[in-house]
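Please look over the sequence and the model shown here. This report takes up a few local features in turn.

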Amino acid sequence: MDMKVFPLLENKVAIITGAAMGMGEATAKLFAKAAASVVVADFNDEKGQRVVDEINASDGKAYFVHVDISDAGEVQDLIKRTINNYGHLDIAVNNAALTPDNAPASEFDEDYWNKLMSVDLKGTALCLKYELQQLIKQGSGGSIINISSVSGFRPQVNNIAYVSAKHAVRGMTKVAALENGKYNIRVNSLAPGAIDTPMLRGALKETGADPNTMAKSLSEFGRFGKPEEIAQGSLFLASDMASYVTGTTLNVDAGYVNM
């Protein structure tokens, strides 16, 4: 998708976690087009640096930081390096997540439960914690977007860990919004539907599901969404267009949650 993008984020600094591919990559590139200085944060150095190089080659401004969001020290370092490089922080999109689990509740893998929760739940909470600390310290407000999922509304079979984590992301978003409105910090979540990403394709392959059949059952449009369509939702929530929006979840799901 290629469209004209206005400089909605001019003079803003934005951290995007999980920005080496998929929705995070699309968000980083769109925010750069909207004139933000972008921090591409990911544990995949090679792919993350590629995203940065592509943004900078297109007259954007981006910087890569390696981070494992399940490690508090690395998240703190992410914030520190953002400030050292750009001077301040205005926006964060907490997008990093692991592939959903694939076992019934009666047989879930405890090791993978712990691994997924350390990233999708604890990691998102750690990012939120230290982003809030920086925004409060600066005293100039800001916008944080936590990426949840339609699985945070409608449960899926064989996804007990992922569904639990994404429900929790919505809950932590509401708590943070309630606590930080007095600082003019907006905290929202965004719930993607079935988006055509490497994560989705991997899950379809693992379960043996037919992509065309799944797309028709998960979307009123009969197709998977594009990563850029999620990025557009995050751009709205990050920008001043959403200046009176906090504590809510934007569903970008082709009607799935309300079917």
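N158 lies in the loop that runs between strand 5 (142–147) and helix 5 (160–180). This is a predicted model. N158 is not a glycine, yet its phi is positive, at about 65 degrees. Most residues other than glycine have a negative phi. N158 counts as partly exposed, because its relative accessibility is 32% and that class covers values between 20% and 50%.

N11 is a further case: its phi is positive, near 70 degrees, and it is a residue other than glycine. N11 sits in the segment before strand 1 (13–17). Its relative accessibility is 65%, so N11 counts as exposed; the cut-off for that class is over 50%.

## Helix 1 against helix 2

Two packed helices are described by the angle between their axes and the distance between the axes. Here the axes of helix 1 (residues 22–33) and helix 2 (residues 45–57) come within 10 Å. They cross at roughly 25 degrees. Angles under 35 degrees count as roughly parallel, and helix 1 and helix 2 are therefore roughly parallel to each other. The crossing of helix 1 past helix 2 is right-handed.

Which residues in helix 1 and helix 2 meet? Helix 1 brings E25, A28, K29 and A32. Helix 2 brings R50, V51, E54 and I55. The residues of this contact divide into 4 nonpolar and 4 charged, with no polar ones.

## Aromatic pairs

The count of aromatic pairs comes to 2. In one, Y63 pairs with Y86. The ring centres are 6.3 Å apart and the planes stand at 75 degrees, an edge-to-face arrangement. This pair links distant parts of the chain. Y63 belongs to strand 3 (residues 61–66) and Y86 to helix 3 (residues 72–86), 23 residues apart.

Y86 has a relative accessible area of 14% and is buried. The cut-off for buried is under 20%.

F108 and W113 also pair. Their ring centres are 5.1 Å apart and their planes are at 40 degrees, so the pair is tilted. F108 is partly exposed, with a relative accessible area of 31%. W113 counts as partly exposed too, at 24% relative accessibility.

Technical notes: Residues are numbered from 1 along each chain as its sequence is written. This is a predicted model: local features need pLDDT of at least 70, side-chain atom pairs count only at pLDDT 80 or more; totals for chains, interfaces and linings use all residues. Side-chain values use heavy atoms; hydrogens and water are left out. Axes are lines fitted to C-alpha atoms, for helices over the stretch in contact, and angles run from 0 to 180 degrees between N-to-C directions. Helices (H or I, at least four residues) and strands (E, at least two) are DSSP runs, numbered from the N terminus. Angles under 35 degrees count as roughly parallel, over 145 as roughly antiparallel, 65 to 115 as roughly perpendicular and the rest as oblique. A crossing is left-handed if the near helix is turned anticlockwise from the far one by less than a right angle, and right-handed if clockwise. Contact means heavy atoms within 4.5 Å. Ala, Val, Leu, Ile, Met, Phe, Trp, Tyr, Cys and Pro count as nonpolar, Asp, Glu, Lys and Arg as charged, and the others, Gly among them, as polar. Rings of Phe, Tyr and Trp (its six-membered ring) pair if their centres lie within 6.5 Å; planes under 30 degrees apart count as stacked, over 60 as edge-to-face and the rest as tilted. Buried means under 20% relative accessible area, exposed over 50%, partly exposed in between (1.4 Å probe, protein chains only).
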